[in-house]
Amino acid sequence: GVNSLDGAYYLGRGLRDDNLYAINTDIAIVDGGSFRAQYYRHTNEGQGHWVTPYTPSSPTLPLSLRTTEYTIDRGGITAGVELPFGIHTISFGLWHEDSDHNLQRNFYFLNADSPPNRGFFYRNPDVRVFEQDFDSRTRMFYLNDRIALMDDRLTIDVGFKSLNAEIDAISRRGTRAQGSIEASDNFLPQAGVRFEVAEGFE
């Protein structure tokens, strides 16, 4: 038998709706070089559904629908230039993105005559426990030199990235954390080596 609220299974599911947009260009420039750029945007709405026994809909209906709801709206640009100079290929570019993210915990009271057996996005909750907004900004710049030696059998990459990421969290309802955080480093060096031992083996 069922001796506790956790002794039975309850309906659960996840819903998600994504939209992706992008436009890009790839332009050849002098001496075999190239310029590439792209603008993109991604919107996303999601809801996680769980019929919970811990929040009753009424004195006669001991269940309700608990949701975790979110929206994401982010967009950005990437751009890069590649320029060959003899055995060297210099590349540099940037990435910039702005992202707005909203998170909510809601409850919807149920009706015994119409159980929540259809997967759709619920609106106008009966109870909202918390709501948060997260505004994020990311900026990155990179510079790299690829050196080709031994008839391109040996390739050496040296370069660095510069990165800055900021997030502002705002609590619209409830007592969840809020504030700002930033991570930044102007010089993140990196290096790599590729050697072709034999055709098809590196």
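Predicted model: local features only at pLDDT ≥ 70, side-chain atom pairs only at ≥ 80, totals over all residues.

Me: What share of the protein chain counts as buried?
Reply: Of the 202 residues, 27% do. The chain exposes about 13,100 Å², and carbon and sulfur atoms supply 55% of that area.

Me: How many of the contacts between residues at least 6 apart join residues at least 24 apart?
Reply: The share is 65%.

Me: Which residues make up the largest nonpolar core?
Reply: Six residues do: V51, L61, L65, Y108, L110 and Y122. To belong to a core, such residues must be buried and joined through side-chain atoms within 4.5 Å. In soluble globular proteins, nonpolar side chains tend to be buried together.

Me: What does V51 contact, leaving aside neighbours within four places in sequence?
Reply: V51 is in contact with Y10, L11, L63, S64, L65, L110 and P116. Two of these partners, L65 and L110, are also listed in the core.

Me: Why is T138 called buried?
Reply: Buried means under 20% relative accessible area. T138 has 15%, so it is buried. This residue lies in strand β5. Beyond its close sequence neighbours, T138 touches W95, H96, E97, L163, N164 and A165.

Me: Which residues make the nonpolar surface patch?
Reply: I23, Y39, I77, F92, L94, F141 and L143 make it, over about 610 Å². Strands β4 (88–109) and β5 (127–149) each supply at least two of the patch residues.

Me: Why is Y39 called partly exposed?
Reply: The label covers values between 20% and 50%. Y39 has a relative accessible area of 42%, so it is partly exposed. Y39 sits in strand β2, residues 33–52.

Me: What makes E45 and R123 a salt bridge?
Reply: The rule asks for a side-chain nitrogen of Lys or Arg within 4 Å of a carboxyl oxygen of Asp or Glu. For E45 and R123, the closest N and O atoms are 2.6 Å apart, and the pair qualifies. The two residues are 78 residues apart: E45 is in strand β2, and R123 is in the loop between β4 and β5. Side chains of opposite charge can pair when their charged atoms come close.

Me: How many salt bridges does this rule give?
Reply: The count comes to 12.

Me: How do you know that E166 and R137 form one?
Reply: Their closest N and O atoms are 3.6 Å apart, and the cut-off is 4 Å. E166 lies in strand β6 (residues 154–173) and R137 in strand β5, so the bridge ties together parts 29 residues apart in sequence. R137 has 23% relative accessibility, so it counts as partly exposed. Both residues belong to a network of salt bridges that links R137, R139, E166 and D168.

Me: What do R146 and D157 tie together?
Reply: Their side chains meet in a salt bridge at 2.9 Å, N to O. R146 is in strand β5 and D157 in strand β6, so the pair joins parts 11 residues apart in sequence.

Me: Are R146 and D157 buried or partly exposed?
Reply: R146 has a relative accessible area of 44%, so it is partly exposed. D157 has 15% and counts as buried.

Me: What makes the phi of N124 worth a note?
Reply: The phi of N124 is positive, about 55°, although N124 is not a glycine. N124 is found in the loop between β4 and β5. Exposed means over 50%. At 71% relative accessibility, N124 therefore counts as exposed.

Me: What is the phi of M150?
Reply: It is near 55°, a positive value in a residue other than glycine. M150 is found in the loop between β5 and β6. Its relative accessibility is 46%, so M150 counts as partly exposed.

Definitions and conventions:
Residues numbered from 1 in each chain as written. Heavy atoms only, no water. Buried < 20%, exposed > 50% of the residue type's maximum accessible area, 1.4 Å probe, protein only. Contact = heavy atoms within 4.5 Å. Patch = residues over 30% accessible without salt bridge, like charges linked within 9 Å, V, L, I, M, F, W, Y side chains within 5 Å. Areas by Shrake-Rupley, 256 points an atom, 1.4 Å probe, with all protein chains shown as cover. Helix = DSSP H or I, 4+ residues; strand = E, 2+ residues; numbered from the N terminus.
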